[in-house]
Amino acid sequence: MKKVSELALAIIKTSLARGVQDKDALSALKRELTRGSGRGLPTTTELRQAYETIIAADPAAANAGLDRLLRRRDVRSLSGVAIITVLTKPYPCPGRCLYCPTERNMPKSYLANEPAAMRAVDAGFDPWRQVSRRLRALQGNGHPSDKIELIVKGGTWSAYPWQYQQWFIKRCFDACNNFGGTVRRSPRTLAAAQVINETATHRVIGLTLETRPDRITPTEIVRLRELGCTRVELGVQSVNDRLLLRVQRGHDAAAVIRATRLLKDAGYKTDFHLMPQLPGATPASDLRDLRTIFSDPGYRPDMIKVYPCVVLESAALYQEWKRGAYVPYSDRKLLELLIEFKTGVPPYCRISRLIRDIPSTSIKAGNPVTNLRQDIARIMAERGLRCRCLRCREIGHAAKDRPALLAAAPKLFDLKYEASGGLEHFLSFEDRSRRGVFAFCRLRLPGRDGVRERRSQGETESGRDGVDRKKLYGLLPEIRGAAFLRELHTYGHLVPIAAHDPRASQHKGLGRRLMAEAERLAKKAGYKKLAVISGVGVRGYYRKLGYRRQGTYMLKRLA
């Protein structure tokens, strides 16, 4: 490790003595202590190293406000978890989509010059190295990394050999279990690695895998649970059958509806990838289709990522664009479309992304602006418009513009809506104006007596006759007849597992209160047990609340 400079140590010692809490005060202090010395200002990384050196010697001197100021890329842990993204090796994909790039030696749909892909290539697509390097980077930038949201990208996950899937996820767990100098012998099986991770220093509290809607079956759902998956990203792209056929997607909208219901009825969180501006689309048709995502109860995902279609040289669409068979609509029309769409997104959904991180140099046609989300937010603010999605309202983001929200007294809200043949309760602690979300959970009451089931647009009888659900619960008997806690999340900057920060939302009992309310509602609705699709690293938390592991779920009898 690089030696800590005396100047950086002096700045941190003085900051701690004066109780520096904000960026302006820290900047003024740096200028004060370097004025006339002829020395340049130390970098944030150098100051972070100095802070950690001082706190290691005197833990009582820690200052939560200064700690946050010295954290680089603060957004990486503002949602309450440290996100680590890894890529799988190149492998054939069953899809033949016109828009999808096919670069040599890269997993399908990924470019070698994308940031996450570059890291994966440099690590030889080795999961251990990818995870270990990201953990080092997070710690180096001042982020706690004991609560990890692991996201696996690359091709179609379900198309990879089962043996490779198990090996890949096991090595991710092994990397977490062994990080930080405590070397453990790597166990032989994934299940054993998961048990170790329950009490490891770096715990995988959520695992996200991405696949196609037509690959979701009861058997696939069981496999995903064995891996520890808690959220599935579905490559939906569009719910317009005409467009899906035009781009050779290989499935229809009914497949999305079936997959979404199967996933929710097994407790998974659902994340849709949506792609406006496909060949054959117009701004009007895209807006109509995007709105259908939330108006039709057959869809209603928990999260969405909006990736406007762009032309890439290694995609089949490039040839159509060259001969004039495909022309994207203007960037201005796309901007207005997304603004109008954002104003109608319901409070229970999180817009995780509004653009894919593709370098503009690789884009031959279509939107090249990588900070499109920031442009949209600025224009909406100028027009007095507001997005109600979860990401815009989670307290870590909302408090940047409205610091007073941090001091607000959380109030419990219950938003009920029908989705995929069941009733959803989106329970949340928010400020009274509902501009800041401190914590939330998703309680699902699957279709049964007393719950009305509506037929979704495009849904066939075979998708509603319960055959797939009967097979699902035959494979997972432990969750038959259960209500589901599909997600529990406390927002704000990540607080380490054994730590406490009076300014933070985490570790203040909001999660326990949400669980108690979910149990009350499930019991009132006639359910005898509540199943939690728990991440491996948070099984211990649910055990403290009276839950016990059955199969890959944490369950509790509701007396």
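Guide: Here is a quick tour, from the overall fold down to single residues.
Guide: This is a predicted model, where local features need pLDDT of at least 70, side-chain atom pairs count only at pLDDT 80 or more, and totals for chains, interfaces and linings use all residues. Residues are numbered from 1 along each chain as its sequence is written, and side-chain values use heavy atoms, with hydrogens and water left out.

Visitor: OK, how many helices and strands are there in the chain?
Guide: The chain has 20 helices and 16 strands. Those are DSSP runs, numbered from the N terminus: H or I of at least four residues for helices, E of at least two for strands.

Visitor: And what share of the residues counts as buried?
Guide: 57% of the 559 residues. Buried is under 20% relative accessible area, exposed is over 50%, and partly exposed is in between, with a 1.4 Å probe and protein chains only.

Visitor: How many of the contacts join residues at least 24 apart?
Guide: 72%, among contacts between residues at least 6 apart in sequence. A contact is heavy atoms within 4.5 Å.

Visitor: What joins β6 to β8?
Guide: 3 bridges, with β6 (residues 303–306) running parallel to β8. Lys 305 has Arg 353 in β8 as its bridge partner. Two strands count as paired if DSSP finds at least two bridges between them.

Visitor: Which strands pair with β16 in the antiparallel sense?
Guide: β14 (residues 529–532) joins β16 (residues 553–557) through 4 bridges, with Leu 530 opposite Lys 556. β15 (residues 548–550) pairs with β16 over 3 bridges, and there Gln 550 faces Tyr 553. β15 and β16 make a hairpin with 2 residues between them, and Gly 551 in the turn has a positive phi of about 65 degrees.

Visitor: Which residues other than glycine have a positive phi?
Guide: Phe 125, near 60 degrees, is one of them; Gln 237, near 65 degrees, is another. Phe 125 sits in the loop between α5 (115–122) and α6 (127–140), while Gln 237 is in strand β4 (residues 231–237).

Visitor: Are those two buried or exposed?
Guide: Phe 125 is buried because its relative accessible area is 12%, and Gln 237 is buried at 10%.

Visitor: Switching to packing: how many residues are in the largest nonpolar core?
Guide: 115, and Leu 150 and Ile 169 have the most contacts inside that core. Helix α7 gives the most to this core, with 8 residues. There's also a second, separate core of 15 residues, including Leu 9 and Tyr 51. A nonpolar core here is a set of buried Ala, Val, Leu, Ile, Met, Phe, Trp, Tyr and Cys residues joined through side-chain atoms within 4.5 Å.

Visitor: What does Leu 150 touch?
Guide: Not counting residues up to four places away in sequence, its contacts include Ile 84, Val 86, Val 131 and Cys 172.

Visitor: Where does Lys 170 lie, and why does that residue count as buried?
Guide: Lys 170 is in helix α7 (residues 162–178). Lys 170 counts as buried because its relative accessibility is 12%. A polar atom of the Lys 170 side chain is 2.8 Å from the backbone oxygen of Pro 187. Beyond four places in sequence, Lys 170 also touches Ser 186, Arg 188 and Leu 190, among others.

Visitor: What about α12: why does the span agree with expectation?
Guide: The 13 residues of α12 (residues 283–295) should span 18 Å at 1.5 Å a residue, and the end C-alpha atoms are 18 Å apart, so the two agree. The expected span is 1.5 Å times one less than the number of residues. Buried residues of α12 include Leu 287, Leu 290 and Phe 294. The buried residues of α12 pack against α10 (241–246), β5 (269–274), β6 and α14 (331–342).

Visitor: Last one: which residues is Tyr 473 in contact with?
Guide: Leaving aside neighbours within four places in sequence, they are Asp 265, Ile 479, Arg 480 and Phe 484. Tyr 473 lies in helix α18 (residues 467–475) and is buried, with a relative accessible area of 8%.

Conventions:
A polar contact is a pair of N or O atoms within 3.5 Å; within protein, one must be able to donate a hydrogen and the other to accept it, and residues adjacent in sequence count only if both atoms are side-chain atoms.
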